[in-house]
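These are my notebook entries on one structure, written in the order in which I looked things up. I began with the strands and ended with the charged side chains.

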Amino acid sequence: MHDCQNVAALFHSRVLQTPNSEAFRYPVENRWESLTWQQTRDRVQDISGGLLALGLQPEERCAILSGTCIDWILADLGILCASGATTTIYPSNTAPECAFILSDSGTRFVFAESDEQVAKLQQVRGDIPKVEKVIVFQGTPSQDEWVITLEQLSQKGRGQFLSRSFEDVTKDVTKDKLATLIYTSGTTGHPKGVELLHDCWIYESEGIAALNLLRYDDLQYLWLPLAHSFGKVLQMAQLRIGFATAVDGRPDKLVDNLAVIRPTFVAAVPRIFEKIYAKMVSGAKEKGGWRQKVFNWAMKVGRQVSRLQQEGKRPGLLLSMKHYLASRLVFSKLHGLFGGRLRFFVSGSAPLSASLNEFFHAAGVIIYEGYGLTETSAATFVNFPGHNRIGTVGSALPGTEVKLAEGDSEILIKGRGVMRAYHNQPEMTAETFDSEGYLKTGDIGTLEDGFLRITDRKKDLIKTSGGKYVAPQALEAQLKMACPQISQVLVHGNNRNFCSCLVALDPAALKSWATQNGLTNISYEELTRNEKVREMMQGVIETLNKTLPSYETLKKFAILPADLTLEAGDLTPSLKLKRKAVEAKYKDLLDSFYTGGKD
Ligand SMILES: Nc1ncnc2c1ncn2[C@@H]1O[C@H](COP(=O)(O)OP(=O)(O)OP(=O)(O)O)[C@@H](O)[C@H]1O
Ligand SMILES: [Mg+2]
C-alpha cells in the first residue's frame, strides 16, 4: 500500500487486503444494508466501465451533484478508477451556481442525486453545452437520453473488462495527475476551483494513518458533505486504514442514527457541537430544581478533572469518587445519546471555541480539533490521542512545513497536501504562493511547541476607524458560549468608529427560553422583537463588554428577524457565516447603528 501512486491503486489495494470486511453501511428505506470491499469493487467496476464506454478521458472532470450517500462514494470511486477526476457540487447550490462549476470545470458527465437536482440542470441546460450526460442516482431517465440512471450506466459498464483487467485501467495514472477539483466553501467570496492531485490524497491518507488516531476496527458515522474537502479526506483515510463507514448525509437523521449505528468516531463541524451544547444547557434549565443542580455540580466536577487531565495530572481519591458519580448520573446519558461506543469526535472546517471543547471534555466527550483548507486537502493540522491541546488545532502532519509570515503572522504552508493551482486562475494562483512556494492561507495564528492556534482570518480582522484591530471570531465565540440561544452572531466594525453586532437566535433554544420566562404562544418573529428577549441579550453583551478593552466593546446590537441559514445563502454548506453576504443583506440596519453619532 505504501507505493500506491494514485487513489484507484489505494482502493484496489484495500479490496485485496480485506475483501470480505464491511466497507459501507447505508440506509435503504427503514433498514441498513452493507457492502463488503469486494462488493464495493464490483459496483465501482460497473460505474467505471460505464464512464469509459461513454468516452471518459484521463483527468477529465466528472461532477457529482448530491448530498452524502453511498452512491456518491461509488460514483467518486468509479470516476477515479476510470482515470477521471471528480469535481463536487453541493445539493444546496442554485442552478446558476451549478452551471458555473460545470462550465468552469469543463465537465461532460454529471452524477445527480435525484430528479430535483436534475431539474436544476435542465433549467440551465442552454448554459452547459459541454455536458453530454447526466446520471441520476434515484430518478427518472429523460426521453432524449440526456439523463440516464445509475443502473443504466452500470449496465453499459458490464462487459467492459472481459478482455482486460479493471485494475490496469489506472496503472499509468501517476501521482502528479489531477484527482479532484473541489470548490472552496465560498465563505469570503466566490468559490474557487482547487486542483488536488492524487499525491495530495495519498499523502493525507498516509499522514492520518501514521497518527494512530483511527483504527481498522473503527466504525465511522459519516454525514458531512462529501463535496467538502473535510468529508473527502475521511474517505481517503478509510481506504488506507480500512475501517467501515455508515453513510447518511441527512442532518435530521443524525440523532436517531447515532443510537442505531453506535459509531466509534464521528467528524463534525463546530456548529453541531454548539447545538448539542445549547440543547444540554437549556435542557438542564428547563428541568430546573434538583436536576439542574445535579447537572451543574457534575459539570463543575468534570471541569476540575478535565483541567487536571490537560495538565497531565491525575485527580485525587475524593475527586475521583465524585467524578465517578457525576459520570453515572449525568455524563452517561450524554454518551448514550451518541450510541455509547464513541471514542471521540473530530472537529474541523471552522473554529471550535476552546470553552466549548472544554465543556465536552469535562463531560468525558473527546473532540480532536483539526485545521486545513480545501487548498491543503483539508487535514493539515490535527490533535490526536496523547497530543491534544484544547484551543489549538494540533500540529502539522509529518512532512508539512509551516511558518508564520513576518509582520502579520499569516500561516504559510508547504507540503505534498497543497494544491497544484486554482483552476483557470493563474494570477490568483501566483498571488497565493510566496516566493519560496509556501501557500498563503489567509489565516493568522501563533505556534507554541508546534501546536498551532488560529487567531482569525486575515481578511476578517476588523480595523476600526481608530486604527485598532479586532478579531471578530473570538468575540463571537464568547457570546455563543455565554448565551446558548444565539445561533449565529456577526461582529461588525470595519472602518467604523466602534464595533457592533448582529445576533440570530436558534428557534428551538429561543422557544425553550421563552417558555421558562413565561412567554408562551408567541411566534419566533415576535420573540425577536420582544423587550424581554432584548433585555436578556443586552445583559449578555454588557457582561462581555466589561471584560474587553474599550475599542472592542460592542456598543450597539440588533436581533435579526430570522435565523441565518444555508437556504437563505447566509451560511456555507459547512455552516460557516458568509460575512460579506450577511453584511450586505443587513446593510441598512448596520448603517443605522452609525448614523446617531455615538462612539
Ligand atoms: N479548526 C479551525 N479553526 C479555525 N479556522 C478553521 C479551522 N478549520 C478550518 N478553518 C477555516 O476554514 C478555512 C478553509 O475552509 P474552506 O477551504 O472550506 O473554504 P473557505 O476558506 O471557508 O471559503 P473561501 O475560500 O471560498 O472563502 C480556513 O482558511 C480557515 O479560515
Ligand atoms: Mg479559503
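Predicted model: local features only at pLDDT ≥ 70, side-chain atom pairs only at ≥ 80, totals over all residues.

Entry 1: I then looked up an open sheet of 8 strands, whose order is β7-β6-β5-β3-β4-β8-β9-β19 with mixed pairing. Its edge strands are β7 (147-149) and β19 (421-422), each of which pairs on one side only. For one pair inside the sheet, I recorded that β4 (residues 85-89) and β8 (residues 178-183) run parallel and are joined by 2 bridges. Thr87 has Leu181 of β8 as its bridge partner.

**Entry 2: helices on the sheet.** I found that helix α2 (residues 37-54) packs on the sheet and touches β3 (61-65), β5 (109-114) and β6 (133-138). The direction of α2 makes about 135 degrees with that of β5. Helix α6 (residues 150-157) lies across β5, β6 and β7, and runs at about 75 degrees to β7.

**Entry 3: an enclosed strand.** I asked how many residues of strand β14 (residues 367-371) are buried. The count is 5 of the 5, so β14 is largely enclosed by the rest of the structure. Ile367, Glu369 and Tyr371 are buried on one side of the strand, and Tyr368 and Gly370 on the other. β14 pairs with strand β13 (residues 344-347) in the parallel sense over 3 bridges. Within β14, Tyr368 is the bridge partner of Val346.

Entry 4: In helix α16 (residues 507-516), I listed the buried residues as Ala509, Leu510, Ser512, Trp513 and Ala514. They pack against α10 (270-287), β25 (499-505), α17 (524-528) and α18 (531-545). Just after α16, Gly518 takes a positive phi of about 75 degrees.

I next looked up Ser306, which is placed in helix α11 (residues 289-310). Is Ser306 buried or exposed? Ser306 counts as buried because its relative accessibility is 2%, and the cut-off for buried is under 20%. Apart from neighbours within four places in sequence, Ser306 is in contact with Glu358, His361 and Ala362.

**Entry 5: a surface patch.** I recorded a nonpolar surface patch of about 260 Å², made by Trp297, Leu325 and Leu329. Of these, I followed up Leu325, which lies in helix α12 (residues 317-337). Leu325 counts as partly exposed, at 44% relative accessibility.

**Entry 6: salt bridges.** Side chains of opposite charge can pair when their charged atoms come close. I found that the structure holds 33 salt bridges, and I looked up several of them.

- Arg389 and Glu448 meet through their side chains at 3.6 Å, N to O. Arg389 lies in the loop between β15 (381-382) and β16 (395-396) and Glu448 in strand β20 (residues 439-448), so the pair ties together parts that are 59 residues apart in sequence. Arg389 is partly exposed at 28%, and Glu448 is partly exposed at 26%.
- Arg579 and Glu476 form a salt bridge at 2.8 Å, N to O. This pair links helix α19 (residues 579-585), which holds Arg579, to helix α15 (residues 472-482), which holds Glu476, 103 residues apart. Arg579 counts as buried at 11% relative accessibility, and Glu476 counts as buried at 7%.
- Glu525 and Arg529 form a salt bridge at 3.3 Å, N to O. Glu525 is partly exposed at 38%, whereas Arg529 is exposed at 56%.
- Arg271, Glu274, Lys480 and Asp506 are linked in a network of salt bridges.

Note on methods: Residues numbered from 1 in each chain as written. Chains lettered and ligands numbered in written order. Heavy atoms only, no water. Pairing = 2+ DSSP bridges. Helix = DSSP H or I, 4+ residues; strand = E, 2+ residues; numbered from the N terminus. Contact = heavy atoms within 4.5 Å. Axes fitted to C-alpha atoms, helices over the stretch in contact; angles between N-to-C directions. Patch = residues over 30% accessible without salt bridge, like charges linked within 9 Å, V, L, I, M, F, W, Y side chains within 5 Å. Areas by Shrake-Rupley, 256 points an atom, 1.4 Å probe, with all protein chains shown as cover. Salt bridge = Lys/Arg side-chain N within 4 Å of Asp/Glu carboxyl O. Buried < 20%, exposed > 50% of the residue type's maximum accessible area, 1.4 Å probe, protein only.
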